[in-house]
Amino acid sequence: MHPIDARTSERGGHAAALAAVPQGRLPGARDWKLWLPGLAALVEVFRANGVRCRGFDLAAAGTTDVVGCASDLAALRSAAAGCRSVVHAAALHAPHLGSTNFYSAEDFELVNISGTRNVISVVKETPMLGMVFSSTTSLMNTAEAKRRAACEVIVQVASEDYGTPRNAYGVTKKAAEQACLREAGMNVAVLRCSRFFVEDAYDTSAAPEDRAANDPDGRVKALELLCGTRASLEDVLIAHVAALSRVCGTWSTSTQPAPVQAVRGPLIVSAISPLVDIAAQGVCTSSVEGARDMYESLGWALPDKRCGRVLDSRKTWEALELTPKWNFERLVKAWRSARDGAAIKSGQY
């Protein structure tokens, strides 16, 4: 496959994502999955591969089988009837922070915290084989992390606590993570997915006029791949499927037969940054293979200082025994092929 051709906003890309996980590692097709909104593509993946699932969402859509809110325990119980596992991606998230006249801090708590507790209750009552909770790396980009990143390079790992998140989204997602991980007897995977929108675009600690990105989308995406703060939809889907298979005991390899329920987390789902091993040494971004040439060719200014924050997702992919499909090296290879310069520059990949 050509490096840029896996455009996962298309249905074919979704199916390809699941196909990338070896067949022995897929959830059993006989078991129903309950999916809560946030990753509609996952429903398409399951359905395209013969895995029965039930979509539960506040809004009617082609991927919604049952309309309801995670804060409604009775509706959740009804939707979960017959299901054997759940992917919980329902949330009020960062873009909703701009809707100040509609969503309150209490709304974030109701959906993100109470809703997650309801899902946990349903998982335990049924009982289900396991649960995957979709969280966010946004809760790691705290004021403390920003302060440290202003004077040094910090390589962030999921096991370290970086303080109080910046807004209601991060605060409530962190609390929801903790609720999941407190359930010692529940098979669960907590996946912190890298952001899919521009850094600080929804930072409520910044003035409204400062929340819009000045950089072109293509350069922003390239920098995020460089720092490991971006994930492709394809990799997010693969990670969720693999994690679900593990916690449900349907994961197997040549060396590790099922069942396996070791994945808990939190685990960072993002591209593996080429800066992880060299960041602490103070090596600048221009030392990364192909970075300077590609940036200059596309008319972008290469960051003239070290990146303050780098995410280290290596433990995630080791735990899942997978290699992410997207990283900065793949982007450079695509640029060198001279076939996708326009797509890379525009960020349409």
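**Terms and values**

Mentor: The axes of helix 2 and helix 8 come within 10 Å and cross at roughly 65°. Axes are lines fitted to C-alpha atoms, for helices over the stretch in contact, and angles run from 0 to 180 degrees between N-to-C directions. Helices (H or I, at least four residues) and strands (E, at least two) are DSSP runs, numbered from the N terminus. The model is predicted: local features need pLDDT of at least 70, side-chain atom pairs count only at pLDDT 80 or more, and totals for chains, interfaces and linings use all residues. Residues are numbered from 1 along each chain as its sequence is written, and side-chain values use heavy atoms, with hydrogens and water left out.

Trainee: What is the handedness of the crossing of helix 2 and helix 8?

Mentor: The crossing is right-handed. That term applies if the near helix is turned clockwise from the far one by less than a right angle, and left-handed if anticlockwise.

Trainee: Which residues of helix 2 and helix 8 meet?

Mentor: From helix 2 come A41, L42, V45 and F46, and from helix 8 come L233, L237, H240, V241 and L244. Contact means heavy atoms within 4.5 Å. By class, eight of these residues are nonpolar, one is polar and none is charged. Ala, Val, Leu, Ile, Met, Phe, Trp, Tyr, Cys and Pro count as nonpolar, Asp, Glu, Lys and Arg as charged, and the others, Gly among them, as polar.

Trainee: Why is A90 called buried?

Mentor: Buried means under 20% relative accessible area, exposed over 50%, and partly exposed in between (1.4 Å probe, protein chains only). A90 has 7% relative accessibility, and therefore counts as buried. A90 is found in the loop between strand 4 (83–88) and helix 4 (105–125). Its C-alpha atom is separated by 7.7 Å from that of D57, 33 residues apart along the chain.

Trainee: Is L275, at 4% relative accessibility, buried or exposed?

Mentor: At 4%, L275 counts as buried. L275 sits in the loop between strand 8 and helix 9 (291–297). Leaving aside neighbours within four places in sequence, L275 is in contact with L226, C227, T285, V288, C307 and V310.

Trainee: Why is E321 called partly exposed?

Mentor: The relative accessible area of E321 is 35%, so E321 is partly exposed. E321 lies in the loop between helix 10 and helix 11 (328–336), and its phi is near 55°, a positive value in a residue other than glycine. Most residues other than glycine have a negative phi, and most peptide bonds are trans.

Trainee: Which peptide bonds are cis, among them the one from T126 to P127?

Mentor: The bond from T126 to P127 is cis, with omega near -20°. A cis peptide bond also joins G265 and P266, where omega is about 5°. P266 lies in the loop between helix 8 and strand 8.

Trainee: What makes a set of residues a nonpolar core?

Mentor: A nonpolar core is a set of buried Ala, Val, Leu, Ile, Met, Phe, Trp, Tyr and Cys residues joined through side-chain atoms within 4.5 Å. The largest here has 29 residues, and F46, V132, L191, V269 and L320 have the most contacts inside it. Helix 8 gives the largest share of this core, nine residues. A second, separate core of 26 residues includes L225, V288, M294 and I344.
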